[in-house]
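Here is my note for you, point by point. Please keep the structure open while you read.

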Amino acid sequence: MNNNNYIYILLLFLSPHLLRSQLNRGNFITPKNQCFIEHYYENNHLILSELRSTTNFLTDDRVKAYKKHEISKRKKAFKRHVKHISESLEESYLKGEKRSPSIDELLIELEYLKLSIQNKAISNSVSGVSFFKKVSMFWNTARSRYVFKYKIPKKVRIDSLSNETLFWHDLKNIEPYKRFDYLAKLKKVKPKKNMIVLFKELSLDGSAPKIKTRDLDLDNEWTLKWGDEVHTDVVGSRIFAALGYDVDHPYHYQKEHLTLVFDSPTNQSVTSKSELVEQILKIYGVDLNPFIYNFGTIDDLMIQKNKKLQDFKGKAYVQFIKCAIEARPDRVKRLGSFLPNQLANKYNSDLRGAVLAHHFIGNWDTREENTLLTTIHQGNKQYIISAVFSDLGTSLGVSRSYLPADFKVGLVNELPWDVVTKKKNKIKFNNKINEIFKAYKKADYEELKVVAKRIALLTEKDLKEIIKEADWPKPIEKLYFHKLASRRASILKAFSIQDPHQIIFDKEFSYAEDGVEIIKNGILLLDYDRINHPESFYNNKGRLRNYGN
Amino acid sequence: MEIDMIQIKNKLFFSFIVCLFTMFGFGQTEEQLKFGFNDPIKFKNTIVSSHSFEELKTFYHSKSSYYDLYLDTKDLLLFNNKLSLRMRKRIFDGDTNQVSYTMQLKSEMSDTSSLRMEIDEPELDFYRVKHHGSWTSITNLMDKLFYAIDNEMVGATDSISYIMESLQSWITFKIGAPISPFQELIAKGFDLNQLKTLGPVLGGKSIRYRSHIYSEDLSYQSFLKNELKENNTPTFFNKNKANWLLESSLDESRFFILQDENYKSTVVSEYEVENKHSNANEGKKALLEYRNILENNYEAYPKLDSKYSQAIQQLKLHIKK
């Protein structure tokens, strides 16, 4: 055997993540949630009719409603996944197998799928945010500071970092800032340096202006967004991924690097820039004009710069000063919420600890609508279900207005330097969230400390690489770095964790450009480069006030 | 009197709606015509040579083999209800590495409409059954029967009987399981105990010759452009400036009664043409024009019955109850 072969084998042993190209499923069953699958058993043997009641509900397209709420179309891959589980369980039944942990795991997985689909049917039937929900959000925001206070226990339980579960994945062999890309690769998410997306349809979801588009491969899709979340979602998602959570995959683009093409004018509701602007204004009340960089019909000059535009010569296009696209890969099927308040998830330590990740990035919108249960096709018809923390863009400095009703994110001045303060034997978080799951309320000091240790493992390089992806202008990027480093340090201090990678930050950071003070003593002084950043990093008018445009 | 008329109209309207749902089910429907020929060999030569007619052209692009097991009760419950249920193995372009196993429930074409219900279970390879004391894939059992069909050894031998028993027991057990055709049969209201007696009745092999039917040169063609997306359009049309109108399959099939000592079999030959145009009316126009060509040049006659129905009609008297 020659030296090259030895090196190759050594590399294989040193890089186990190279051998592992899948997420581990982890364990879903806990002593607390076992009770939810009792109805599948009689005398420790499966009841076939109970099993088939669930599997038929999940796969039969004739079952169109749950409690009169319409069920979303069941995707082929989802049905295949359920049928695989069904076949394993039916074989166990035929073999007369007694109850076992492996059977329990499959049954609880079916329960997750069933309840998520049912929840989705109910939530889809409600359009917009109800008055009751708005009151609830207001109340949770107001009481956050009373909820997120913890007494430091006299004797701290030494919790080991947890095993993998639905809510958390052990990616310790991958550098934190690379975990987002690792997850993206698993899901076959392939953003390109210069993206071309094809208009598919308008979106009516949420409050941030967005549309649905198709990738050139026509298998995968992207949601195209504008506004104040285009940077924050990019950073928020990457920080969560760095901490071991599964996330959506947003990417920031600007100017000629992303081209939206209207490729099928006879079949589409929007066929030009003017129609797009008109519809976005109608649906979201946001004027897209300040975000437009270029538009027209694709010509030879454009094709010279990007050969992939060849097939679209003569078609209408638009490019934007800034935008974000979020992957909707074909390999991932989105179901409903990940059931934070069901299946005894209030006892789940990984979910409980995740509240610290929300606090770290200053996320406000933690509603159940922003949680997702997904099935991921990992190749060879193997599927895994994963809980996704979605829509992390309502973070990194949030300002709320009640009269008039509005909110704005990505306001660097609104992001406190510290996340948490420690006084005597208590720690207190200053972040406000608009939905407090039972899990978040019940999280204890030790569970949060587990996540704090993961935050401690983030290095300066991790933070810088993650922040770079947001494409913030230089002064804003630098200020966010200092703030995130400071927030990290406050967490480590509160939990008495020795910092393994001290990151130097400056709360008095100042920055000037061409003799003009942009940032002074850690505060952004002006509305920086408004032409190229129409959503503004400075004024607090959000999407409901057209970003002040 | 007036009230009676209203009640009658309501009943008729309700019956019409029920018929519509019965016909279409909740699965995919196709729009197609089917033909037989007095001289099937002459027509086959036309197809494999990619013949061009005046307005419409054909392109022969692939040949596939299919093996089918048709399931029914001993009383031919499905046949009598104008349905067919088959377990199929398809070999793409003669490549035994490109194989699929599916189950399909189809309705017979009605003479008032060329639409058929089709409910697919697209993959069978992960289903397992106990056979001779050990667990094996259902597709292994299917392959054993297909081997027997290929070699015309489908008589009532022990090995065939064991395979049939195992298949039968799998079907009996799986009737209430999440398998799409079974879900549809239960939804249609068939008696569960009768459905549990479904078993393989006929087995057969088909060779299918597939062709595109299209028009060329938009300036001369009298059809609107097909606006189907590139990923839904065969490669031939992405490479050539041609307008895809229809897709056709010429099938040569032979079916055996399973477990018959006399190896009774019958031959079915038919040509199916399916509308592929993004504009349904435009495709229908092309279908009717192609029909005229086939009738005028090849003495084609319409067929409505499925291969299963044709085979059963030809073999019915020989099938043991």
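1. Start with chain B. Take the contacts in chain B between residues at least 6 apart in sequence: 71% of these join residues at least 24 apart. The secondary structure of chain B consists of ten helices and eleven strands. Chain B has 321 residues, and 50% of them are buried. Keep in mind that this is a predicted model.

2. Now the meeting of the two chains. How many residues does the contact take from chain A and from chain B? Chain A gives 24 residues and chain B gives 23 residues. About 2200 Å² is buried between chain A and chain B. Carbon and sulfur atoms give 49% of that area. On the side of chain A, look for R62(A), K83(A) and E87(A). They supply 31% of the area that chain A buries against chain B, more than any other three residues. As background, the accessible area lost when parts come together is often used to give the size of an interface.

3. Next, the polar side of the interface. The rule finds eight salt bridges across the interface of chain A and chain B. One salt bridge joins the side chains of K83(A) and E121(B), at 2.6 Å from N to O. Twelve residue pairs are in polar contact across the interface of chain A and chain B, counting pairs with both residues at pLDDT 80 or more. In chain A, α3 (48–59) and α4 (76–94) each supply at least two residues of the side that touches chain B. Which element gives the most to this side of chain A? It is α4(A), with nine residues. By type, the residues on the side of chain A that touches chain B are four nonpolar, eight polar and twelve charged.

4. Look closely at one pair. E184(B) and R62(A) form a salt bridge, and their closest N and O atoms are 2.6 Å apart. This pair crosses between chains. E184(B) sits in helix α6 (residues 180–187) of chain B, and R62(A) sits in the loop between α3 and β3 (65–66) of chain A.

5. E184(B) has another partner. The side chains of E184(B) and K188(B) meet in a salt bridge at 3.5 Å, N to O. K188(B) counts as partly exposed, at 27% relative accessibility. Elsewhere, K225(A), D233(A), E326(A), R328(A) and D391(A) are joined into one network by salt bridges that share partners.

6. Compare a pair within chain A. The side chains of D170(A) and K172(A) meet in a salt bridge at 2.8 Å, N to O. D170(A) counts as partly exposed, at 21% relative accessibility. K172(A) is exposed, with a relative accessible area of 61%. Over all chains, a search of the whole structure finds 59 salt bridges.

7. Turn to the nonpolar cores. The largest nonpolar core has 143 residues. Y112(A), W226(A), L276(A), F320(A), F429(A), Y440(A) and F495(A) touch the most other members. Beyond its neighbours within four places in sequence, F429(A) is in contact with several residues, including F148(A), Y150(A), L356(A) and F495(A). A second, separate core has 41 residues, among them L85(B), L141(B), F182(B) and L185(B).

8. Check helix α7 (residues 179–186) of chain A. Six of its eight residues are buried, so this helix is mostly covered. Which residues of α7(A) are buried? They are R179(A), F180(A), Y182(A), L183(A), A184(A) and L186(A). Their cover includes α8 (229–242), β9 (246–247), β10 (250–262) and β14 (371–377) of chain A. After α7(A) comes K188(A), whose phi is positive, near 60°.

9. Finish with H169(A). Where is H169(A) placed? H169(A) lies in the loop between β5 (149–151) and α7 of chain A. H169(A) is buried, with a relative accessible area of 1%. Its side chain makes a polar contact with the side chain of S386(A), at 3.3 Å. Leaving aside neighbours within four places in sequence, the residues in contact with H169(A) are L23(A), N24(A), E164(A), G244(A), D246(A) and S386(A).

How values were computed:
Residues numbered from 1 in each chain as written. Chains lettered and ligands numbered in written order. Predicted model: local features only at pLDDT ≥ 70, side-chain atom pairs only at ≥ 80, totals over all residues. Heavy atoms only, no water. Contact = heavy atoms within 4.5 Å. Buried area = accessible area lost by both parts, 1.4 Å probe. Salt bridge = Lys/Arg side-chain N within 4 Å of Asp/Glu carboxyl O. Polar contact = N/O pair within 3.5 Å; in protein donor to acceptor, adjacent residues only side chain to side chain. Helix = DSSP H or I, 4+ residues; strand = E, 2+ residues; numbered from the N terminus. Nonpolar A, V, L, I, M, F, W, Y, C, P; charged D, E, K, R; others polar. Core = buried A, V, L, I, M, F, W, Y, C linked by side-chain atoms within 4.5 Å. Buried < 20%, exposed > 50% of the residue type's maximum accessible area, 1.4 Å probe, protein only.
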